[in-house]
Amino acid sequence: MLATRTGCEPQWLVCPPGRDCDSCSPSISVDMSGWWAGQAGRRAFTTSIPALTDTQLAEAPQEALDYASEHMKRILKYPDYFNVAKLFTVEDLFNARVHLGHTDGSLDERMKQFVFGSRLGHLIIDLDQTAELLRNALNFTAHIAFRGGIILFIGRTPQHQLLIEDTAKECGEYAHTRFWQGGVLTNSTTQFGCVTRLPDLIIALHTMNNVIDQHTAIRDAAKMLIPTVGIVDTNCNPNMVTYPVPGNDDSAISVRLYCDLFKNAILKGKEKRKELLNL
């Protein structure tokens with residue numbers, strides 16, 4: 001199969017057969033039928049396949065490696081390649097009660113920047129900030145899924161355990177909603193008795209173990225340089241979360257909204273990956 005690398009519009013990284021784009025720059029035809037081209041392309045879009053050995057790299061056609069590298073660069077140029085910004089509106093957040101925080105006395109000082117005000121003794125979260133930060137988190141999540149990364153959902157609230165686990169199953173990822181044993185990330189080889197691949201992204205629907213203590217996975221992920229997306233309520237510490245999203249993490253309706261949004265972002269990333277790799 002011949003794939004044409006051109007300067008097409010965002011939705012096309014590879015011109016489909018029979019299409020002649022007037023807007024495209026002069027194309028470069030690369031023979032993508034060989035085994036090397038396929039392997040190089042897949043390595044560009046996933047972290048699941050081991051790296052090439054020195055011998056294999058020496059044998060690989062430079063055109064195939066350039067082809068995969070070019071795709072990676074093009075995708076990162078677009079601020080919202082997967083259109084995750086259209087998944088929700090501020091009104092959706094309001095209807096899901098995302099703006100409802102805890103009482104005034106439970107405010108963590110590090111969350112002050114995300115608080116809009118207080119009403120009847122309860123804190124109100126600024127949904128304009130939440131919307132922007134949530135879109136950034138969804139975009140990052142879609143990119144991780146697009147590259148074949150492992151995504152782990154975590155949460156510690158009993159009433160939401162089944163919802164979180166079902167969400168992970170529906171998008172083909174993983175969940176951990178029970179007691180988090182120390183060392184799962186930082187000492188995984190000893191814990192599991194073998195070399196273990198750690199998740200590429202952790203999505204925390206709750207960043208607290210209880211009312212006082214932060215979830216151990218947030219701290220351990222920071223130690224292991226694993227990026228995290230976390231819903232942070234007004235009693236949480238957002239400093240150790242890579243992509244903090246201020247919002248209500250207690251109400252069932254708000255947690256369901258988060259689960260649906262992250263599931264859709266993951267599926268969008270995986271869909272685009274299959275489309276580009278012709279899987």
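In this predicted model, helix 5 (residues 127-146) packs against helix 9 (residues 252-277) at an angle of about 40 degrees, and their axes lie 7 Å apart. Axes here are lines fitted to C-alpha atoms, for helices over the stretch in contact, with angles running from 0 to 180 degrees between N-to-C directions. Helices (H or I, at least four residues) and strands (E, at least two) are DSSP runs numbered from the N terminus. The two helices cross in the right-handed sense, meaning that the near helix is turned clockwise from the far one by less than a right angle. On the helix 5 side, the contact (heavy atoms within 4.5 Å) includes Leu134, Leu138 and Phe146; helix 9 contributes, among others, Phe262, Ile266 and Arg273.

Turning to the strands, strand 8 (residues 201-204) directs Leu201 and Ile203 one way and Ile202 and Ala204 the other, and all are buried, that is, under 20% relative accessible area with a 1.4 Å probe, protein chains only. Strand 8 pairs in the parallel sense with strand 6 (residues 151-154) over 4 bridges, where pairing requires at least two DSSP bridges. In strand 6, Ile151 stands opposite Leu201. Strand 8 also pairs in the parallel sense with strand 9 (residues 228-232), over 3 bridges, and here Ile202 faces Thr228. From strand 8 the chain passes through helix 8 (residues 216-223) to strand 9 in a right-handed β-α-β crossover.

Residues are numbered from 1 along each chain as its sequence is written. Local features need pLDDT of at least 70, side-chain atom pairs count only at pLDDT 80 or more, totals for chains, interfaces and linings use all residues, and side-chain values use heavy atoms, leaving out hydrogens and water.

Terms used
Buried means under 20% relative accessible area, exposed over 50%, partly exposed in between (1.4 Å probe, protein chains only). A crossover is right-handed if, with the strands pointing away from the viewer, the path from the first strand over the helix to the second runs clockwise.
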